[in-house]
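Hi,

Here is the structure I promised to pass on.

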Protein chains: 2
Amino acid sequence: MIKIAVDAMGGDHAPQAIVEGALAAVQTYSDIQILLYGDQAQIQALLPKGDYPIEIIHCSEKIAGDDEPVRAIRRKKDASMVVAAKAVKKGQADALVSAGNTGALLAAGTLLVGRIKGIDRPALLGTLPNLRESGESFVLVDMGANADAKAKQLWENALMGNQYAKDVLGKSQPRVGLLNNGSEDSKGNKVTKEAFELLSQEEQIHFIGNVESRDILAGVCDVVVSDGFTGNAVLKAIEGTAKEILTLVSHSLKSGNLQTKLGALLIKNSLKETLGQFDIESVGGATLFGVKAPVIKCHGNASAKTVAATIGQARQIVKSGTYDSLAQQIANKEGQAED
Amino acid sequence: MIKIAVDAMGGDHAPQAIVEGALAAVQTYSDIQILLYGDQAQIQALLPKGDYPIEIIHCSEKIAGDDEPVRAIRRKKDASMVVAAKAVKKGQADALVSAGNTGALLAAGTLLVGRIKGIDRPALLGTLPNLRESGESFVLVDMGANADAKAKQLWENALMGNQYAKDVLGKSQPRVGLLNNGSEDSKGNKVTKEAFELLSQEEQIHFIGNVESRDILAGVCDVVVSDGFTGNAVLKAIEGTAKEILTLVSHSLKSGNLQTKLGALLIKNSLKETLGQFDIESVGGATLFGVKAPVIKCHGNASAKTVAATIGQARQIVKSGTYDSLAQQIANKEGQAED
């Protein structure tokens, strides 16, 4: 059984959406067990009577959305997120899922679960759909953990993204691209120019050079390497653009003349299918990579459906063994470097 | 008459698309005159016989897409872009339009046309549509001129964007937002945190705080301030996402069943209208601001339609007087600072 620790008190719709998502997840996957951390009474009230693999671990505190991350992690010792992270550290659970305060979760992952040897800065890694090939996706790393990354961190991000794309997405030789302001080799700012050199020399990855944000959804590569500031900006630009265009399309159809409305009625299902393919919410969350066990951030405004999808993602990541593979890979590299 | 210098030899479809675009522009606007810089014979062959306000200035060289920018500007003294930039500098033309090598055009603008006093780093400024309010748009600055910007440059970008939004977009009190990795005041990397302080203290702008890339197309502010690396990444992410989603929608309609196809046929015009609203190409180009006269970059793969739109944009910018207003504004500020 895969044990997943879930912070029941984090997120805009906690604990309800979290508890409902957990229930949906154990109904979908027969090989998981969920540990729900949070207020016993509140959680209990949301769980129907019955027998399912969900255990409640009562915690008297919770971390708020506006808490200062590192301070909150250190002071609120009985916060659901903190207790859950410590359980993962002790091996009582295989992964942590939370929709709470992002900064606090990153701090909990880095400080409580702990970095693996050889990675200075764990990064937030997530997948986005390749819109040219149905069912395919690619990795974007870093989605926002390190806003001031140096070239060395971009190199770490490349190794992490490469490992994840192999183990979780099943790409045998992932094409790794460096997000840059042009696709030519000479492009970039100070940091990306230096990172380009490091990645060009790295034999363990298949580096295809610089890629531009306009080409990533078309599947130009399997791993997009970025600093956390730019990666975050690109991710949110994609989300915002998708949302606004789809609104525009459906609005223009609804407000049209009779002919347009009739047409819209006829294509409704087909359009829904298209929109579904682009529903970032149902893809799940972003995982903090470079720490000892999966720590997965769910959208703050996650619905029960998104929570369930993220728990499913946690299960998949645990089963893939990619966290251990990465630690092994980095340890081998360090060993070679010492030879 | 407004005189616009056009580099006939720059861009993927030069000189044909450029010459055709120039012709379309003089047919649309009766108050402009175009100076076409480039190969006399090639341009002449593309111009039909007749009487229109287009003059050809023969140049024996052109700057290639892969030329090293600063070197090309200095060595190719008879290149169409160089001669055109010098004409603007001398006051023989009011603005320069080119679809050629972006780096070279930025260098030509900064080194040949020249910076205004008080601006260290001219920036590429462009407008994008506000998708929530038809006909409205907002400014994004910098779209890619300075990949390694410091906080001081973000402050310059804010002043420039503010002036442009007032003079060209007609916003009486533009809402200026700082592109950041969260909307809370405390968010950011080293540079944006420092810029946040500078912008908070700047009385000449209406600073509304941090904005996220996911909200900009919804019109969260009138001026989005960014460094050139992130601004470029966000711009291209928006372009790429728009393109991929619209392809996905139209593909899913075409490949659908008979009902979907009939529906698609009925909504075709309405959908086209929606797509048109999002056609970044027809919005025109990005202008290098902070130099002495408008230097406008057109997409490299611009069609004649895009070239004409960009010439129209150059005309509008010249008429607005925003380049002189900015110089005046900055001079006043420097004067005050010296008091």
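Helix α8 (residues 228-254) of chain A and helix α8 (residues 228-254) of chain B have axes that come within 8 Å and cross at roughly 35 degrees. Axes here are lines fitted to C-alpha atoms, for helices over the stretch in contact, with angles running from 0 to 180 degrees between N-to-C directions. The crossing of α8(A) and α8(B) is right-handed (the near helix is turned clockwise from the far one by less than a right angle). Contact means heavy atoms within 4.5 Å, and on the α8(A) side the residues making it include Phe229(A), Ala233(A), Ala237(A) and Ile245(A); on the α8(B) side, Phe229(B), Ala233(B), Ala237(B) and Ile245(B) are among them. The contact residues divide into 16 nonpolar, four polar and no charged. Nonpolar covers Ala, Val, Leu, Ile, Met, Phe, Trp, Tyr, Cys and Pro, charged covers Asp, Glu, Lys and Arg, and the others, Gly among them, are polar.

Before you go further: this is a predicted model, where local features need pLDDT of at least 70 and side-chain atom pairs count only at pLDDT 80 or more, while totals for chains, interfaces and linings use all residues. Residues are numbered from 1 along each chain as its sequence is written, chains are lettered from A and ligands numbered from 1 in the order in which they are written, and side-chain values use heavy atoms, with hydrogens and water left out.

Helices (H or I, at least four residues) and strands (E, at least two) are DSSP runs, numbered from the N terminus. Within chain A, the axes of α6 (residues 151-167) and α7 (residues 190-201) come within 8 Å and cross at roughly 50 degrees. That makes α6(A) oblique to α7(A) (under 35 degrees is roughly parallel, over 145 roughly antiparallel, 65 to 115 roughly perpendicular, and the rest oblique). The crossing of α6(A) and α7(A) is right-handed. Among the residues in contact are Trp155(A) of α6(A) and Leu198(A) of α7(A), and the contact as a whole has eight nonpolar, one polar and two charged residues.

Leu124(A) sits in strand β5 (residues 123-129) of chain A. With a relative accessible area of 7%, Leu124(A) is buried (under 20%; exposed is over 50%, partly exposed in between, with a 1.4 Å probe and protein chains only). Its C-alpha atom is 9.1 Å from that of Gly290(A), 166 residues apart along the chain.

Over in chain B, the buried residues of α1(B) include Ile18(B) and Leu23(B), and β1 (2-7) and α11 (304-320) of chain B are among what covers the buried residues of α1(B).

Cheers
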